[in-house]
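My entries follow in the order I made them.

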Amino acid sequence: MSSFYVTTPIYYVNDKPHIGHAYTSVAADVLARWHRALGDDTWFLTGTDEHGLKIEQAARKAGVTPQQHADRFAEPFRALTPALLLSNDDTIRTTEARHSQVVSALWRKMVEAGDIYLGTYAGWYSVGDEAYFDESEIVDGKAPSGHAVEWVEEHTYFFRLSKYGPLLLEYFEAHPDFVKPSSRFNEVKRFVEGGLKDLSLSRTTFNWGIPVPDADGHVIYVWMDALTNYVSALGGPGADKYDRFWPASVHLIGKDILRFHAVYWPAFLMSAGLPLPQQVFAHGWWTVEGQKMSKSLGNTIDPFDVVQRFGAEAFRYFLLREVSFGSDGDFSEAGLISRINGELANDFGNLVNRSLGMLDRYRKGVVPARGRADAAEDGPLLQAFAEGRAELLAAMDELAFHKALAAIWKLVGAANKYVDVAAPWTLVKQGDDARLDEVLYNLCEVQRVLGVWVSPFLPHKGPELLDRLGAADAQRTVASTAEWGGLPSGGHARKGDPLFPRIEVEKPAEAPAPKAKKEKAPKAPKAPKAAPKAEAADGVIAYDDFAKLQLKVARVLAAEKHPDADRLLKLSVDAGEAEPRTVCAGIAGAYAPEDLVGQTVVLLANLAPRKIRGVVSQGMLLAAGDGSDLKLATVPGDLPPGTSIS
Ligand code: MSP
């Protein structure tokens, strides 16, 4: 069995968690869950960074001791685990004894290697970054990050970083995947090629840190302290867990702390004679509604708030689907809601609702016999399955979460098309039981495969879907999706409530007429209305009234003349629901029934059903003009049925 060890940065306890912390932790969690599903012996570590001047200053400001401050702020970081559905195996705090022991031991090894010597440091220090800067790096009197710097002159223990420049470059050469993305690796190489100076590794002007062994008045530089967490949490060299998991498979970090992980940390490890991590992956940063996130702008995104309003799984999905891992991205509520409604509720949710709904209705929920699955309509589904699997495995290997989700959703799309084309309701009418069994089996199996694949991303909904399908443990591994047909026949599947409810967006009451520009940032779900309902002027309706209309994409499955009215056609349309709807439309003067099949039209879906000459019409199609000049309003055919139109 291979082992897999993934870490997040340990977070500073000077403030509350924000989206940046949530992001790395969710990515690490997805990787850990994926590797467990692959059968790897997996360990997932996160934690908090509790020493250093930054924390000491924050505590002083709050009027408490640094330890009290750390205890108080470590709590919300721990609470990220249940809130974001993280499956971390351990949470390290750098104020724990198990940690400081290993830091001191590492220090001693570096001393033994002859890499630590006493000297005097004079230069710039940024508390915000907890980092030293050269004169040449200072921009407008500040650190490159924008944080304030102060001039520092003190006795310090130096680490012979300069000695490790050539060794690091050699290592980089031999390990082309050591830093990802590769553009970031180039930055690191350029920095090392530029020549490394020895690094100040102790401070004397404050004492909130781990004491330098055998040297009164010095505390160990917070980054050496912090980086060692990756090893101390395993018990340090010699411990069983260390042997099982070190070197780490990947350290996930944000791009701003790459130098510490890709230069200092490997140099410390080389000095101490320990193996280097296999990979450091630096992800990008989030802006919020197009702006840099900052406390002073008051636009920091609180992960607990997002989870409470939209759910942990939707948040996880959004974070990893919205941007390619490694690039910067922008967080907006409109973007989040649109992915929830479009991809989770419509695409995935509807597939599950309609497929399990039909299984319930036509086969009392019993998974039918598999059949041969060799009808022409089965080809694209099976092909999408094979391609999706290959793309997913490759994407997860390179930590391209967005590509992995895109690959999974391609199969969702193919499965939705399969429902439309294989049209089980027609098979029922035709009494083609054998084919109906085959189609329903394929729909169960595709949901099982999707359930397995989405589980690392959606750790409740994925397993819930597998529960509904009655999948056993052996049918939940990635390996069990290597071939089509892993779900046994004869089991009982449960229909259940919609897997992903839509988020109903409340439009602001004061918005004028339907022509109002498309909203960028819709209100939170079920948020109280901002203002009393606007009075409508003559002939003008309030936005609220317009917002009551549920307009949906629908595909025409069948059309025939109304049995009792010349002007009308009777259509069967797929609106992304468990069953097609019947709609009567006064368009017989403009369209022959056969012209309509396959058209993607606009359905007013929440119109009360009405009996029209003996046929119950469940909705209305939008059209322009009248008589023979009439034209149905259509939308691009690649929009899945059920997509809402606003
Ligand atoms: N304590 C150090 C890490 C030590 S690891 C041995 C630290 N902590 S931090 O709390 O300031 O930052 C943690 C992570 O949050 C970093 O990876 C950083 O890149 C990330 N982010 C901070 N703001 C961010 C965004 N706006 N977007 C994405 N990630 C961001 O650094």
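**Entry: β6 and β8.** I looked up Phe159 and found Leu199 of β8 standing opposite. I note that this is a predicted model. Strand β6 covers residues 150–159. I find β6 and β8 running antiparallel, joined by two bridges.

**Entry: the sheet around them.** I then asked in what order the strands of this open sheet lie. I read β5-β4-β6-β8, four strands with antiparallel pairing. Which strands stand at the edges? I find β5 (131–133) and β8 (199–200) there. Each has a single partner strand, so one side of each lacks a neighbour in the sheet.

**Entry: β2 and β3.** I moved to another pair. Strand β2 takes in residues 41–49, and β3 takes in residues 90–93. I find four bridges between β2 and β3, in the parallel sense. I looked up Thr46 and got Thr91 of β3 as its bridge partner.

I also checked where the β3 side chains point. Asp90 and Ile92 go one way, while Thr91 and Arg93 go the other way. Are these residues buried or exposed? I find all of them buried, Asp90 and Arg93 included.

**Entry: α3 against α11.** I noted first how such a contact is put on record. Two packed helices are described by the angle and the distance between their axes. Here I took helix α3 (residues 66–83) and helix α11 (residues 303–310). Their axes come within 10 Å and cross at roughly 25 degrees. Angles under 35 degrees count as roughly parallel, and therefore α3 is roughly parallel to α11. I logged the crossing of α3 past α11 as left-handed.

Which residues make the contact? From α3 I list Pro76, Ala79, Leu80 and Ala83. From α11 I list Pro303, Phe304 and Val307. I sorted the contact by class and got seven nonpolar residues, with no polar and no charged ones.

**Entry: Val6.** I ended on Val6, which I found in strand β1 (residues 3–12). Its relative accessible area is 0%, so I logged Val6 as buried.

What does Val6 touch, leaving aside its neighbours within four places in sequence? I find Ala28, Leu31 and Ala32 among its contacts. Trp43, Phe44 and Leu45 are also in contact with Val6, as are Val250 and Leu252. I checked the separation for Ala28. Val6 and Ala28 lie 22 residues apart in sequence, and 6.4 Å apart in space from C-alpha to C-alpha.

How values were computed:
Residues are numbered from 1 along each chain as its sequence is written. This is a predicted model: local features need pLDDT of at least 70, side-chain atom pairs count only at pLDDT 80 or more; totals for chains, interfaces and linings use all residues. Side-chain values use heavy atoms; hydrogens and water are left out. Buried means under 20% relative accessible area, exposed over 50%, partly exposed in between (1.4 Å probe, protein chains only). Two strands pair if DSSP finds at least two bridges between them. Axes are lines fitted to C-alpha atoms, for helices over the stretch in contact, and angles run from 0 to 180 degrees between N-to-C directions. Angles under 35 degrees count as roughly parallel, over 145 as roughly antiparallel, 65 to 115 as roughly perpendicular and the rest as oblique. A crossing is left-handed if the near helix is turned anticlockwise from the far one by less than a right angle, and right-handed if clockwise. Contact means heavy atoms within 4.5 Å. Ala, Val, Leu, Ile, Met, Phe, Trp, Tyr, Cys and Pro count as nonpolar, Asp, Glu, Lys and Arg as charged, and the others, Gly among them, as polar.
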